[in-house]
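This briefing walks through one protein model, topic by topic, for a reader who is new to looking at structures. Please keep the sequence and the 3D view open beside the text while reading.

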Amino acid sequence: MAEKEKQDSFRIDMGPDHDEDKPFIPTRPSRASHGGSAPTVPSSPLVPILSYCGASILMTVTNKYVLGGADFNLNFFLLCIQNVVCVVAIQLCKSTKIITYRDFNVDEARKWFPISLLLITMIYTSSKALQFLSIPVYTIFKNLTIILIAYGEVLWFGGSVSPMALFSFGLMVVSSVVAAWADISAAVSSYGHSSSEQAQALSTLNAGYIWVLVNCLSSASYVLAMRKRIKLTNFKDFDTMFYNNLLSIPVLLLCSLFLEDWSSANISSNFPEDRRTNLMIAMLFSGLSSVFISYTSAWCVRVTSSTTYSMVGALNKLPIALSGLVFFDAPVTLAGITAISIGFLSGIVYALAKVKQTKAKGGALPVSNPITSSSSQSMRDSFGGKA
């Protein structure tokens, strides 16, 4: 979950030496070696694009499978396991020279710790929102974070919002309203005249809406704060991933031990015998998928143009939303499909707005990275500049 949030199209347009008032211009890295060895990967863009989409769907579906259990309430424990798996995985990748990142430094950890706390808030509220909402509704509402980040950049970094981007924001709001209306209508019609069950369903949805809105606020706060703090540490992408996950582990573990119910009855309820093995496998896969998302994201950047990658980020929302209809019992209604379609359209319009805005400035298109990324350039540096 920590890297998914980690897969949403939040834009951070600066590199390690980037001036805040100038757009980040991603360039393709040289194929010459910059130290370390990395395996050769195919240069065809289709494979990395499909891999990126597959990793994004895998992360969302596995998280929903675990969190969707009727009695699951060990969210902090789930996030802790995911972070441990992620740290172990990237450490193995580093030892085999697939990726590179700096070694742990206490002073850097102290500077980065406040950002990790914001990350914990973000991924916890995300897990709660996904627990109460269907994947399509969750994905649609997450688009609202883009609006918060855009206006945060206007307020604190001198950014601007074009009319076309503003139109895409309107579509995002409309898609969220339609999705909520479709969700509530489906809940009301499903239970007919059973007022108690109907009230319970509506209460669950309302809780989900509150959690996802808090998550949007915390996600925007995390991204904007990281943009400021990144200049103090000069982190590259896998540096950021390493410190975020490592520093979050003790906090998540303590929260789980002291705030969650570890009685034998509750553990049995969270991990029923008939699902126990599958749940544990899903938890491990969700941690690994965060690494897959970061790797395939960097792979896409290296073998596609920045415009293509930006559009992939926008189009990726559709298969993620549809995965909720395919793998789970999300209600399929005309209003729900309409909401998904409007949300999908808003992503395309926003990506095109960024293309148009950047061309007007005479620069290259900023690349949308997973939320733990500081820039696409630093991600490529972490791979030693190999394509």
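In this predicted model, helix H4, which spans residues 135–142, is largely enclosed by the rest of the structure, because 8 of its 8 residues are buried. The residues in question are Ile135, Pro136, Val137, Tyr138, Thr139, Ile140, Phe141 and Lys142.

**The chain as a whole**

- The protein chain contains 14 helices and 0 strands, so that, read from the N terminus on, its elements run α-α-α-α-α-α-α-α-α-α-α-α-α-α.
- Of the 387 residues in the protein chain, 55% are buried.
- When contacts in the protein chain between residues at least 6 apart in sequence are considered, 87% of them join residues that are at least 24 apart.

**The largest pocket**

- The largest pocket has a volume of about 790 Å³, and its lining is made up of 27 residues, of which Lys64, Phe132, Ser134, Thr204 and Asp329 lie nearest the centre of the pocket.
- Two or more lining residues are given by each of the following elements: helix H1 (46–67), H3, H4, helix H6 (163–190) and helix H7 (195–233).
- Among these contributors, H7 supplies the largest share of the lining, namely 5 residues.
- Sorted by class, the lining of the largest pocket consists of 15 nonpolar, 8 polar and 4 charged residues.

**Aromatic rings and the charges over them**

- The model has 13 aromatic pairs, and one of them is formed by Phe76 and Tyr124, whose rings are stacked with 4.2 Å from centre to centre and 10° between the planes.
- Phe76 counts as buried because its relative accessibility is 10%, and the cut-off for buried is under 20%.
- Ring pairs also join Tyr101, Phe104, Trp112, Phe235, Phe242 and Tyr243 into a cluster.
- The ring of Tyr101, a member of that cluster, has the charged end of Lys94 sitting over it, at 4.5 Å from the ring centre.
- Another charged residue, Arg275, lies over the face of Tyr65, and here the distance to the ring centre is 4.8 Å.

- Lys97, which is found in the loop between H2 and H3, has a positive phi of about 65° although it is not a glycine.
- Is Lys97 buried, exposed or partly exposed? With a relative accessible area of 48%, Lys97 is partly exposed, because this class covers the values between the 20% limit for buried and the 50% limit for exposed.
- Ser286 has its place in helix H10 (residues 276–303), and with a relative accessible area of 0% Ser286 is buried.
- Although Ser286 and Leu78 are 208 residues apart in sequence, their C-alpha atoms are 9.4 Å apart in space.

Definitions and conventions
Residues numbered from 1 in each chain as written. Predicted model: local features only at pLDDT ≥ 70, side-chain atom pairs only at ≥ 80, totals over all residues. Heavy atoms only, no water. Phe/Tyr/Trp six-rings, centres within 6.5 Å; stacked < 30°, edge-to-face > 60°. Buried < 20%, exposed > 50% of the residue type's maximum accessible area, 1.4 Å probe, protein only. Lys NZ or Arg CZ within 6 Å of the ring centre and 35° of its normal. Helix = DSSP H or I, 4+ residues; strand = E, 2+ residues; numbered from the N terminus. 1 Å grid on protein atoms, 1.4 Å probe; cavity = no way out; pocket = protein on both sides within 12 Å on 5 of 7 lines; lining within 4 Å. Points joined across faces, edges and corners; volume = space filled by probe spheres on them. Nonpolar A, V, L, I, M, F, W, Y, C, P; charged D, E, K, R; others polar. Contact = heavy atoms within 4.5 Å.
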